[in-house]
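I set out to record what could be looked up in this model, working from the sheet to the helices, the backbone and the pocket. The entries below follow that plan.

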Amino acid sequence: MSVRSLLVAGGRWRCFPVPLGSSLFQVIPNSYCRKKCTAPKKIIPNAAFCDENTKDSGNELDKLFSSEQQASILHVLNTASNKELEAFRLLRGRKSVNIIEHREKFGPFQHLESLMNVPLFQYKTAIQVCNSILCPETEGKKRKFQDNRLLRKLIKPEIERERLKAVTSIVSIVFGTRRIAWAHLDRKLAVLDWQQNDCCQLMKGTYLSSAYLQKISSVVSKIPTADFYVLEKIGLSIQNTSRFPLLLHFHIMEAMLYALLNKTFAQDGQHRVLSMNRNGVGKHFELMIGDTRTSGKELVKQLLTESVLKEDPRVVFPKEKIVRYRQMFSSTEQKRAEELYDSLLQAVAFYELAVFDTEP
């Protein structure tokens, strides 16, 4: 004996015979099951799709690591100070404090799964923390990759970090439409030379290569020898046709300086002339307002003053030259000699960002 039941399938009502005494779900084909299978899958330490909100997954945490790995992780969690825990990027801030408070209140961690009882620790976060404790060099490689990426945006062409770290002195060169200026600084940020030269006649006429060669050669003969020569790279858009003469001038100047200063490139293939992003320098000194960079005159004036008044100034101006540099600054203050100011600031930014890799 059977009864007939009405079911919804594919948007239509259909009838199926149901044998007496049988469960309704025993006769429904699998194709009508709307809920997908939720059988748990094996979770590996680097799984990208862990459930961030699943605290119940804590009992799986110990299974992901060997007994030796568990012992190493627990040793760090139970003995490291707050400062030592913060050495791991994922444990900075409140997470390291929570670990110390938890072990002070409940005693040492006995199992990795007990890490799930610490506030701010979900399953995925706990796995990442355990991995970073086992392989701390991974964090260092990630930071190095990020630093190198930022350095590539700041300086062209790409230079080996070891060469930058070993630099003893640089000459920072900034040129405009009226003048070219340079600042020679050693790695102690001591100013060895700082001056400018007029070149206001170059944009007049028909941009003769011979005129550029004559003028730039004369300037290069005065520039001191250094490990690197750093040129300011101005990002002018070629889409603005009204600025094409200006853009042409800057490209000719840059090409001339690259050729004349890279004297040994043909022999060893080593770049000694670099281009540094102008806006990157402006951001370092907080001179940027939106896309516009403000004058660095006041900042240079402050550096000159600090060199006299402070015991450990940011930039060191030699005592025998400080009077001459202050007079030079005063004489150019009304002439908007931005190239002179920018050459010094660019040199300081190069050391602090590319060589020392530290903020002032």
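I note at the outset that the model is predicted.

**Entry 1: the pocket**

I looked up the largest pocket and found about 830 Å³ of space in it. Its lining consists of 30 residues, and those nearest the centre are Glu-232, Ile-234, Phe-250, Arg-278 and Asp-342. By class, I recorded 14 charged, 9 polar and 7 nonpolar residues in the lining.

**Entry 2: the sheet**

I next traced the sheet, which is open and built of 6 strands in the order S3-S8-S7-S4-S5-S6, with mixed pairing. Strand S3 (155-156) and strand S6 (191-198) are at the edges; each has a single partner strand, so one side of each lacks a neighbour in the sheet. For S3, I found 2 bridges to strand S8 (residues 273-277), and the two run antiparallel. Within this pair, Ile-155 is opposite Met-276 of S8.

**Entry 3: backbone exceptions**

As a reminder to myself, most peptide bonds are trans, and most residues other than glycine have a negative phi. I therefore listed the exceptions, given that background.

- The peptide bond from Lys-156 to Pro-157 is cis, and its omega is near -10 degrees. Pro-157 belongs to the loop between S3 and helix H6 (161-165).
- Leu-120 is not a glycine, yet its phi is positive, at about 80 degrees. I located Leu-120 in the loop between helix H3 (94-106) and helix H4 (123-134).
- Leu-189, also not a glycine, has a positive phi of about 60 degrees. Leu-189 sits in the loop between strand S5 (179-186) and S6.

**Entry 4: helix packing**

I described packed helices by the angle and the distance between their axes. How do H7 and H8 cross? The axes of helix H7 (residues 209-220) and H8 come within 10 Å, at roughly 50 degrees. An angle of this kind makes H7 oblique to H8. I noted the crossing of H7 and H8 as right-handed.

I then turned to helix H11 (residues 297-309) and helix H12 (residues 319-332), whose axes are 11 Å apart and which pack at about 160 degrees. Angles over 145 degrees count as roughly antiparallel, so H11 is roughly antiparallel to H12. The crossing of H11 and H12 is left-handed.

Conventions:
Residues are numbered from 1 along each chain as its sequence is written. This is a predicted model: local features need pLDDT of at least 70, side-chain atom pairs count only at pLDDT 80 or more; totals for chains, interfaces and linings use all residues. Side-chain values use heavy atoms; hydrogens and water are left out. On a 1 Å grid over the protein atoms alone, a cavity is a set of points where a 1.4 Å probe fits but cannot get out, and a pocket is an open set with protein on both sides within 12 Å along at least five of seven lines; lining residues have an atom within 4 Å of a point. Grid points are joined across faces, edges and corners, and a volume is the space filled by probe spheres set on the points. Ala, Val, Leu, Ile, Met, Phe, Trp, Tyr, Cys and Pro count as nonpolar, Asp, Glu, Lys and Arg as charged, and the others, Gly among them, as polar. Two strands pair if DSSP finds at least two bridges between them. Helices (H or I, at least four residues) and strands (E, at least two) are DSSP runs, numbered from the N terminus. Axes are lines fitted to C-alpha atoms, for helices over the stretch in contact, and angles run from 0 to 180 degrees between N-to-C directions. Angles under 35 degrees count as roughly parallel, over 145 as roughly antiparallel, 65 to 115 as roughly perpendicular and the rest as oblique. A crossing is left-handed if the near helix is turned anticlockwise from the far one by less than a right angle, and right-handed if clockwise.
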